[in-house]
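This report concerns a single protein model. Please consult the sequence and coordinates shown here alongside the text.

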Amino acid sequence: MTTGSRSGSAFGLGVRQIVVAGILGGIAILLGATRIGFIPVPNLSGNATIMHVPAVLGGALEGPVVGLLAGGIFGFYSWLYAEVPLFKDPIIAVGPRLLIGVVAWAVFVLLRRINLDLASAAAGVFGSLTNTVGVLGLGVMLGYLPPAAVVPIVPQAVVEAVLAAVVTVVVVRGVVLFRSGRTTAPEVKDEERRY
């Protein structure tokens, strides 16, 4: 499986990357515009999110540019619908979100030769943590959050990272299977069919 454009550059946009960016961007817009991607929680972050998942998938499947575009949409909606002062600052709302897909791509490329599922799960976890650590780190550095306020957000961050890992593994496996031209996974034995 390759990431980046067909011409060999991970930083280019071929037709497939543009199409995938459009699909993931559409999903991100749907999640943002309908607010489905923002789950209210009673802490200083205001919302848990699944909006980082399209950025992770974009980075892992098609490279850093597609991940950056999907992350940018996430950041824009986070800023647009900001309910807490932390996200009314575009540096915090948009900045870390641009890096989600870039980090997911780097981790995926680094680990994919070892194991595709490991690479996918790690891309999901590190992409999600890029969002959390970037937002909370900037929030503390810029004075929006006291350092002690970060502790109650840790369980939410763990749940978001696990969710991103699971979804990324499932989607990447499905895309790899589809791109291979097979309709089912290879059979090991008749009694151990896996689809």
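The sections below treat the annotated spans, the nonpolar cores and a surface patch of this predicted model.

## Annotated transmembrane spans

An unreviewed UniProt entry carries the annotation "transmembrane region" for residues 18-41, 53-79, 91-111, 123-145 and 157-178. The geometry of two of these spans is described here.

Residues 157-178 are 100% helix and 0% strand, with end C-alpha atoms 31 Å apart.

## Nonpolar cores

The largest nonpolar core comprises 18 residues, of which M51, A60, I100, F108, L111, A123 and V172 touch the most other members. Two or more residues are contributed to this core by each of α2 (52-62), α3 (64-80), α5 (90-111) and α6 (116-141). The greatest contribution is that of α5, which supplies five residues.

A further core of eleven residues lies apart from the largest one; V84, F87, I92 and I153 are among its members.

## A nonpolar surface patch

On the surface, V154, V158, V162, V166 and V170 form a nonpolar patch, and their accessible area together is about 420 Å².

Is V158 buried, partly exposed or exposed? Its relative accessible area is 47%, so V158 is classed as partly exposed, given that this class lies between the 20% limit for buried and the 50% limit for exposed residues.

Key: Residues numbered from 1 in each chain as written. Predicted model: local features only at pLDDT ≥ 70, side-chain atom pairs only at ≥ 80, totals over all residues. Heavy atoms only, no water. Patch = residues over 30% accessible without salt bridge, like charges linked within 9 Å, V, L, I, M, F, W, Y side chains within 5 Å. Areas by Shrake-Rupley, 256 points an atom, 1.4 Å probe, with all protein chains shown as cover. Salt bridge = Lys/Arg side-chain N within 4 Å of Asp/Glu carboxyl O. Buried < 20%, exposed > 50% of the residue type's maximum accessible area, 1.4 Å probe, protein only. UniProt positions renumbered as here; feature names shortened; annotations may be inferred. Helix = DSSP H or I, 4+ residues; strand = E, 2+ residues; numbered from the N terminus. Core = buried A, V, L, I, M, F, W, Y, C linked by side-chain atoms within 4.5 Å.
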